[in-house]
Amino acid sequence: MSPWQEPLRLRVEALALHAGARPEARRLAAGLDLEIGAGERWVVLGPNGAGKSTLIATLAGLLPPTGGALALQGRALAGWPPEALARWRAWCPQFWSDPFPARVDETVRAARRGAAGGEAALAGLLGQLDLGGLASADVRRLSGGERQRVALAAALWQDAPLLLLDEPTSHLDLAHQQQLLGVLRAHAARGGAVCASLHDVQLAWQLASHAVLLDGRGGVVAGSREAVMTPVRLSAAFGVAIDRVEVCGEQRFWVGPRADAAAS
């Protein structure tokens with residue numbers, strides 16, 4: 001059965017994470033329970049080194065957890081053959097390496113075997129991410145933001161229901177950040193799901209239906225956006241005063257200085 005004909009369900013139970021996926025290393029999280037389903041948009045938040053990338057890679061089946069269980073469609077994640085797993089989830093890393101020349105359209109097309117989708121579909125996807133004029137460009141000659149959009153296009157071209165994205169907005173300008181949010185919302189609206197690690201709490205709030213917050217000290221909480229992204233929880237995790245305010249009818253976050261900076 002095609003993944004798009006069966007509702008997505010990724011179940012995480014009592015998950016434990018340690019730095020480098022080594023049990024003897026620093027604990028990043030313990031006792032994490034969550035379930036990602038079709039139509040949901042999850043964001044992963046936390047300070048530097050809290051374990052956001054580790055969690056995304058673990059959900060993708062690229063790193064083993066140090067405790068707990070993960071199941072995709074009721075089957076243990078570790079038991080999925082790579083090719084079958086690739087039909088269900090696409091992973092976009094935070095960094096890329098381009099050791100040899102390749103065109104933008106070639107790089108994106110390589111994310112899916114065969115010619116399914118056709119040239120018109122590929123051109124349409126490149127257009128969605130403002131890459132149409134760069135289709136023949138060498139990926140090694142792109143700016144950081146352009147190269148990031150190519151990586152995101154490749155993840156979307158894989159045509160998997162679940163998108164696991166590590167810092168997908170980190171190199172994007174303001175217009176392309178908003179463009180990407182629209183693309184990800186549309187992906188979820190057609191029955192897919194998104195789980196993305198983000199640093200910007202404003203963008204996270206705009207994207208999310210659900211959130212995971214890692215506090216950098218081994219603590220973690222997961223749930224609806226409103227339950228997790230509270231000023232109290234965000235302030236405690238990031239070590240700065242954070243409040244939620246309404247601006248032009250939209251919820252936004254005010255971020256104050258660090259406590260030690262304010263005292264100096």
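The model is predicted, and local features need pLDDT of at least 70, side-chain atom pairs count only at pLDDT 80 or more, and totals for chains, interfaces and linings use all residues. Residues are numbered from 1 along each chain as its sequence is written, and side-chain values use heavy atoms, with hydrogens and water left out.

**Aromatic pairs**

I looked up the ring pairs and found two in the structure. I took rings of Phe, Tyr and Trp (its six-membered ring) as paired if their centres lie within 6.5 Å, with planes under 30 degrees apart counted as stacked, over 60 as edge-to-face and the rest as tilted. Trp 80 and Trp 88 make an edge-to-face pair, with 6.3 Å from centre to centre and 70 degrees between the planes. Trp 80 counts as buried because its relative accessibility is 13%. Trp 88 is buried as well, with a relative accessible area of 6%. Trp 205 and Phe 253 form an edge-to-face pair at 5.6 Å centre to centre, with 75 degrees between the planes. This pair links distant parts of the chain, since Trp 205 is in helix α7 (residues 201-207) and Phe 253 in strand β12 (residues 250-258), 48 residues apart. Helices (H or I, at least four residues) and strands (E, at least two) are DSSP runs, numbered from the N terminus.

**Charges over rings**

I then checked for charges over rings, which requires NZ of Lys or CZ of Arg within 6 Å of the ring centre and within 35 degrees of the ring normal. The charged end of Arg 112 sits over the ring of Trp 157, 4.1 Å from its centre. Likewise, the charged end of Arg 190 sits over the ring of Trp 4, 4.1 Å from the ring centre.

I traced an open sheet of four strands in the order β2-β1-β4-β5, with antiparallel pairing; strands pair if DSSP finds at least two bridges between them. β2 (27-37) and β5 (75-76) stand at the edges with a single partner strand each, so one side of each has no neighbour in the sheet. Strand β1 (residues 9-18) runs antiparallel to strand β4 (residues 67-72), and five bridges join them. Leu 10 has Leu 72 as its bridge partner in β4. Helix α1 (residues 52-59) packs on the sheet and touches β1, β2 and β4, a contact being heavy atoms within 4.5 Å. The direction of α1 makes about 135 degrees with that of β1; axes are lines fitted to C-alpha atoms, for helices over the stretch in contact, and angles run from 0 to 180 degrees between N-to-C directions.

**Nonpolar cores**

I defined a nonpolar core as a set of buried Ala, Val, Leu, Ile, Met, Phe, Trp, Tyr and Cys residues joined through side-chain atoms within 4.5 Å. The largest has 48 residues, of which Val 43, Val 108, Leu 126, Leu 129, Leu 165 and Met 229 touch the most other members. Helix α5 (residues 144-157) gives the largest share of this core, seven residues. A second, separate core of 30 residues includes Leu 59, Ala 60, Leu 85 and Leu 164.

**Positive phi**

I noted that Gln 73, not a glycine, has a positive phi of about 55 degrees. Gln 73 lies in the loop between β4 and β5.

Technical notes:
Buried means under 20% relative accessible area, exposed over 50%, partly exposed in between (1.4 Å probe, protein chains only).
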